[in-house]
Amino acid sequence: MVKGELQRALIGLPEEVGKLADGLAEKLQIANGDLEEQLLDEELWSSVDLLQNIGIKHHQLFDEVADHIRAGESRDAIKECVREGRIAIGDWLFNRFKDIAMGQDPNGGARRAFANYLQALEHICRESPSAMLIVEQHDALFAPARGDSWAVLLAKGIKRPLRTHMGMRFTREFAPSELAQFYLLVDLPRHLLGIANMVGEAEFFLLRRVKSLYEELASLYNLFLAELDEKQSETNSEEWVASARRVRDEIDESFKLVGAEVMKYYEDIRRALGRQEDDVLLRWIDAAARRGAIGQGRRMRADERMGQEAKGELDLRLNRWGGYLVGYAGVYTMELEVARVQNELRHAIDETVLRINKRLFQRLQDECRPVREALGQTLEALRQCTRGGVSSEQVRKEVDDHREQLVTLCNTDTQRRLRSIAASGEISQLMDVLAERFRKLVEGTVDKFQIIELDDLPMREGFVPGEVPLKSAPMRAVVRTYIERELTHRLADVNQSMIAQVEAVLQSVEQLGQTVDFSLGTVSVEMREVGKQPEELVGVALSRLRRAEEKLVADVKKTEALNADVEKKTIASVADVARRLRQMILDESVVEMQRQINRSSGKKGAVRKAKPSVTQPQGSPPKPKEKARAEEEEYGKAAVLGYEVILDLQQRIDEKVPFAYRRLFRTAPLEVSDFLRGRSLALGAIESAVRRWSQGGFSAIALVGEQGSGKTSLINCAMEEKLAGIPIVRHRIRSSLTQMEEFVPVLKNLLDGRADDLETLRSEVERSNTRRIVILEDVHQLYLRARGGLDLLRALLEFIDATGGNVLWIVTIDQYAWQYLNHALSLSRHFAFLIETGRLSRGELEGAIMARHQATGYELYFLDKQGKRSQEQEAAREEFFNAMSRVCAGNVFSAIYYWLQSVQTVADNAVEIASIEELKLDFLSSLTVEGMLSLGMVIQHGSLSAEHYAAIFHMPLIEANARLAHLQRMGMVQQSELGSDKREYSVNPLLYHPIVVELKRRNIVQ
Amino acid sequence: MTIYALLLALALLVWCSTGVLRNAFTRLVWHFKMPFQPGDYVSIGGVGGRVEKIGWQAVQLRGTSGDLISVANALVSGQPVVQTVADSGSQGIEMHLPVYGDRDETRARLAAMEALLLSPYLALDRPFDAALELGPSGETLVRVRAGVFDASQRVLFESSIIETYRALLYEK
């Protein structure tokens, strides 16, 4: 049984030693065989298994592809089959890698195999004879040897003649079990470390090969798909089958190579194990040949501690390789997980935002179609009337009928349906649905991956692993940061954009209704009361209606553009977030991920706190000095960034209050203005103005007030109470407009004119007998404090002066713009009535809030200071609105914010409102003069683009952008997109009043 | 001889310290009625700036370019002190703009007025105007009187007026 080398070592040794060595070798050989088998079965086989499975699946896929081709299926079907197959293989591999990445015991097979091997060695030791073995000393033990002491040499010198010449026999004794224990339980495990390293290395490198093989496979599939696209013929099955077979077989070579690598690793391990077996037997024989002789001790006790240490090291080495396996599988699995998240994200957006947006456009078109058809019929009917042969009475009847039908269609039916579209759950709950999808997506993402960053991966053979640089990559937290916080925030306005589409159509239909009512009404009235002939009137009406039709078509086109814009922006936002998410997870370090999470969650000093979590062991408290320094830094930061209290205000509310509720608390003015009915003075002034105007007097009204003081709501109220029955046209200037060529079409449309220049339009209106009320809102958008910026407003004032006889002008303007313009242009000279809205009283604020709340249909409960529903709801409500009135200083936007901020819970059809927490805005007083002046200009103009800001302050655009961006970062201004390339900044409505107070204190506004 | 010498020294000392005493005496008078307060913007004789400190010997002003100017108290009491900054923080300015050779004078006046109105630094709590006047050598100038909302922005205010004025004057 013993091999040649061992036999040579046994020559000259007592027979007993030879027998023992023989037995030991036999048992060791069995144990080694078991180890090899177990290693191959439980450890190395997992790579082989991965390889085999990929190979089988690949072959199956391409056999299937060949079958599809033979069955004459289309190119697309075959491509789909390949794609699905690729996804299936990818998913299967992803799950296997995920098992490794998530596994608690990554190379447990190897560790179990070695543990069993060590147990087998212990068993061999126990079977070795424990009694002392007495054997005759052989010749070699009497010869002087290097390293012998003088005493040993003397003893050997005496014994040698006694043995040779006197025939004396010398014996020695030793314990074979002790020798076995030392060499098998202490010595051999130390030498097994190298083998354990080989096993770990084999497993790790084979896993890498499996990954690269899959990548090779995937690129081959892509090539095949491209090849399919290039093929001219649609059904040349033989050629296609040949291609599929080629792809099927092409990868076989790679499989064979990897298989050969596995076998090579196995062979190397097997050889190394055999070598160790021989070596340990040789060392055992050497010891057994000398133990008990002179100069050699009889006993040879194995130190149990050394044995344990050797086993521990073996275990540690395998454990470290296991760490590398987990880390590597973690990196790859994370990569696949990111791809999965990206796909899920796209699905979520496709199935929600994009689908609803597309459906919305279809519905809007469906609503516009009957209106256009009815308008077309009316136009045709009017044309018939002008062709003659129809009596005046018939014409008038025809006109009245069409007027009634169209007005009912526009102002009642279509508007009702459009409003129901805007209020539909599909749109109003879109953000909540999307948030829920995102939440599920995040929850379905793997929480953490143990990864090794690429720089730390072993890149060469023979690498001995040290401490494994495993890092915990917080995948779910990163995904949450990017999707739930960033993407949700970026898409927060998407349903607003959808509502804007509906409102644009609504407005257009409403205007059409007004035009129809006015034009056909004028025909009917003038025929009946003035006795004019249809020929004189119908032409004008036809022309007006045609223009109204053109405008409706143009508005629908604009809506189409808005709809496309929503789709484009959504796709761009999702793609951007997905790209940055991928980049963050795959390219950035774990520390950077942690930083990003902390930055987004807005924790103070988050970056500073993130570093120790990677480098410092947990639980070690910071040294007092470091703590003091950290606190000092923290203090310094807090002092500089005092404005942090106002950052993400909207986001915080978005996270707390469902969109369905929030939607009704938009800062848009209320349609319902019941709460303003108490403003009898203002309404009385409007009534007087109307009376005076109807008597032919100049009565232009300027409605002046701060943003959020209820100017628009007052107009709504006046329209219901004082202006009913009078033709009214209304327009709100939503963004800065300082060019005459942009403004003239607005006026032309409002006044139903034909001229393309202001001068002619003025003459037209002066000459016209038509009397109407024109409401022009936010006139402060019509000037710019820069060269040429007052010209448009001057022209408008002149226009108002000239046309005041026929037109009752009602304009609204911001109070601070009014103050300035009154100084600059003596604005008040051009108006007969000046109505200052002042600030909303406590009751009006309560009315404005409650009107919105009541529209939601939720029940309302006020909470006491302990956070429980107050027993005295009326008293609690009284106290709440008193506090709101004090904090908001009569500003409705501020009141809306504080109301939403106070919402504690929205559940079971009830809203709970906690006490108001006032924002600390002391930092405003420490803002620079330059910053405050910028805010002053934004307030005076309503909103400012960077170009306009640059023109006011005579500075380069880049500097203007930087200054406004800085104010935006501070949360002082908000950016609104008005088109593809037009962006304006307006003051954060919540901060409007505090900023105004500070501007007044600094004398920037009056 | 010794007495004469002592008297002479005393006289010399009194003569030398007259200024010191006068300054201190002025400060003492101010103790009852201060002509201005630290933080006020004043113009004393030919110098102006923000009052930093009122000492026993001198008043320290911080000029618009950041220089520290000391004016002896006695000198302050003998000069007209103009408080250029109102309680609101605005400061009055007066500047003369040239009417360039071939330009229409009325157009220049209107351009100056427009430039004044458009400047974001204009204080609305002060009157403002632009009028033509003749310079020392008979040339026509536009005199602009207005206020800047914050004295620290005076230079920017004047600069913005000049920039807009020139641009308006030369635009076609």
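The model is predicted: local features need pLDDT of at least 70, side-chain atom pairs count only at pLDDT 80 or more, and totals for chains, interfaces and linings use all residues. Residues are numbered from 1 along each chain as its sequence is written, while chains are lettered from A and ligands numbered from 1 in the order in which they are written. Helices (H or I, at least four residues) and strands (E, at least two) are DSSP runs, numbered from the N terminus.

**Contact between chains A and B**

- Chain A puts 18 residues into the contact, and chain B puts in 18 residues. Two residues are in contact if their C-beta atoms, placed from the backbone, lie within 7 Å.
- On the side of chain A that touches chain B, the elements giving two or more residues are α26 (815-825), α30 (929-941) and α31 (946-953) of chain A.
- α26(A) gives the most to that side, with four residues.
- By class, that side of chain A has nine nonpolar, six polar and three charged residues. Ala, Val, Leu, Ile, Met, Phe, Trp, Tyr, Cys and Pro count as nonpolar, Asp, Glu, Lys and Arg as charged, and the others, Gly among them, as polar.

**Sheet in chain B**

- Five strands of chain B make an open sheet, ordered β4-β3-β2-β1-β5, with antiparallel pairing. Two strands pair if DSSP finds at least two bridges between them.
- β4 (68-72) and β5 (81-83) of chain B stand at the edges with a single partner strand each, so one side of each has no neighbour in the sheet.
- Neighbouring strands of this sheet are turned by 45° against each other on average, direction ignored.
- β1(B) (residues 41-44) and β2(B) (residues 47-54) pair antiparallel over four bridges. B:Ile44 has B:Val47 in β2(B) as its bridge partner.
- The hairpin of β1(B) and β2(B) has two residues between the strands, and B:Gly45 takes a positive phi near 60° there.
- β2(B) also pairs antiparallel with β3(B) (residues 58-62), over four bridges. Their hairpin has three residues between the strands. B:Val51 stands opposite B:Leu61 in β3(B).
- β3(B) and β4(B) run antiparallel, joined by five bridges. B:Gln60 stands opposite B:Ser70 in β4(B).

**Helix pair in chain A**

- α6(A) (residues 176-230) and α8(A) (residues 252-290) pack at an angle of about 175°, with axes 10 Å apart. Axes are lines fitted to C-alpha atoms, for helices over the stretch in contact, and angles run from 0 to 180 degrees between N-to-C directions.
- α6(A) and α8(A) are therefore roughly antiparallel, a label for angles over 145 degrees.
- The contact of α6(A) with α8(A) has 21 nonpolar, four polar and seven charged residues.

Note on methods:
Angles under 35 degrees count as roughly parallel, over 145 as roughly antiparallel, 65 to 115 as roughly perpendicular and the rest as oblique.
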